[in-house]
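Here is my notebook from today's look around a protein model. Have the structure open and follow along with me.

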Amino acid sequence: MDQLLQQILDYKREIEETPVNGIDSLEAYRIRFLGTKGILKNLFTEMKNVPSERKKEFGQVLNEFKQLAEDKYDYWKKEIGSKTEESTADQVDTTLPGDLLAIGSRHPISLMKNKIIKIFERLGFSVAEGPEIEDDWHNFTALNLPEHHPARDMQDTFYIHQRPDWLLRTHTSNVQIREMEKGKLPIRIICPGRVYRNETISARSHCFFHQVEGLYIDENVSFADLKQTLYFFVQEMYGKNIRIRFRPSYFPFTEPSAEMDINCQLCNGTGCTVCKHSGWVEILGCGMIHPAVLENCGIDSNHFTGFAFGMGIERPALLKYGINDIRLFSENDVRFLRQFIAAT
Ligand SMILES: [Zn+2]
C-alpha cells in the first residue's frame, strides 16, 4: 500500500517535470498515463489488493492523481493547438465521402418477367401464383391431358417418390386450373413462375425454366380478343413496327390452337441463324380454351369462352441481353449478374 502511494508520488513528479513539447510526445503521454493499458488503469486495478480500512485513503490519492493527469493532458493539448487535433486518431473528418454500399442488381429473368407483367397489368390482368409441386389433376388431367395421352411425353417431368401422384409442374397452367376451380368469373390473370422438365441440360435447354401464362374467361371472348391482346403485348415489348403471324398448332387444352411468331428482331426479317433464316421467331403458344377444360373446372362452356397463352421467359431474355448460354441464368456467377446493374 505504502509502496503504491510512493509510486503515485513518483508519477506526479514525472508529470510535473517532464515537458510535453509536441504532438508525438503528447500522444506518448496519453498512452503512458491515460491509455487503456496505461498507468491509471493499472493503479485502479490495484485497488482490489488494498486492505479495506485503507481503501478510502488510497482512493482519494488516486483520484487526485487522475485529475492531475487529465488536467495536464488537456492543458498541453490546448497549448500544442489545432495541429494536435488533426493527428488524434479518433477525430472524424465529416467532409470525406462515406463508404460505398454494395448495390445488388435484378436477375435478368426477373427484369424480363416484370416487364411482361407490367404490360399485361395495363390491360387489366392481375398476377396469380400457385404451387410448384403439383398433383396430376392440376398439371395434366384437368387440362385435357389424361393418363397415357401422347402429348404427356413432350412434358416429361420429375415425380415425388413417396407420392407418385405428385410431380414438379411442367407449366404454370396449374395456376389457371386452380383459379378456374374457384368459380369466380370473369377471370383475367397472368401466371408467372418456375416450371420443370426432365431434359438434358445444355446451352439451349435446362431442367427448369420460367414461364408467363395468361388466361381470360368471360362471356363472348373470341379469337379476335386473343389476337388483339397479344398484338398489343408485342408492340409494347418490341416496338410499334413489329409484325406478327399466327400458325395453326395443337395443344390438348386449347381449340383452335396457334403459335405466334414475330419478325426477327436481329435481321429484321432478312434471315439469320437465330431465326434459322426464316425471318420469323416463335415467341408463344396460344388458343381458345377447350370446352372440356372449362367443364373440368365446373364452368359452363355454353355460356363462357376464353383464351389462354403461354411463353417462356428465358428465350426473350437471351435475345434481349445477347446471352448465348441458358445455364448462365442459374449459376449465380456474380461476374455475370453484375452486368445487369444498369439493365432495364
Ligand atoms: Zn433473323
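I count two strands as paired if DSSP finds at least two bridges between them. Strands are DSSP runs of E with at least two residues, helices are runs of H or I with at least four, and both are numbered from the N terminus.

Before going on, I note that this is a predicted model, where local features need pLDDT of at least 70, side-chain atom pairs count only at pLDDT 80 or more, and totals for chains, interfaces and linings use all residues. Residues are numbered from 1 along each chain as its sequence is written, and side-chain values use heavy atoms, with hydrogens and water left out.

**Entry 1: strand β4.** I looked up the partners of β4 (residues 187-196). With β5 (residues 208-218), β4 pairs in the antiparallel sense over 10 bridges, and Arg194 stands opposite His210. Strand β1 (residues 126-127) runs parallel to β4 and is joined to it by 2 bridges; there, Ser126 has Ile189 as its bridge partner.

**Entry 2: buried or exposed?** I checked β4 again: 8 of its 10 residues are buried, so the strand is largely enclosed by the rest of the structure. Buried means under 20% relative accessible area, exposed over 50%, and partly exposed in between (1.4 Å probe, protein chains only). Leu319, in helix α11 (residues 314-321), counts as partly exposed because its relative accessibility is 35%.
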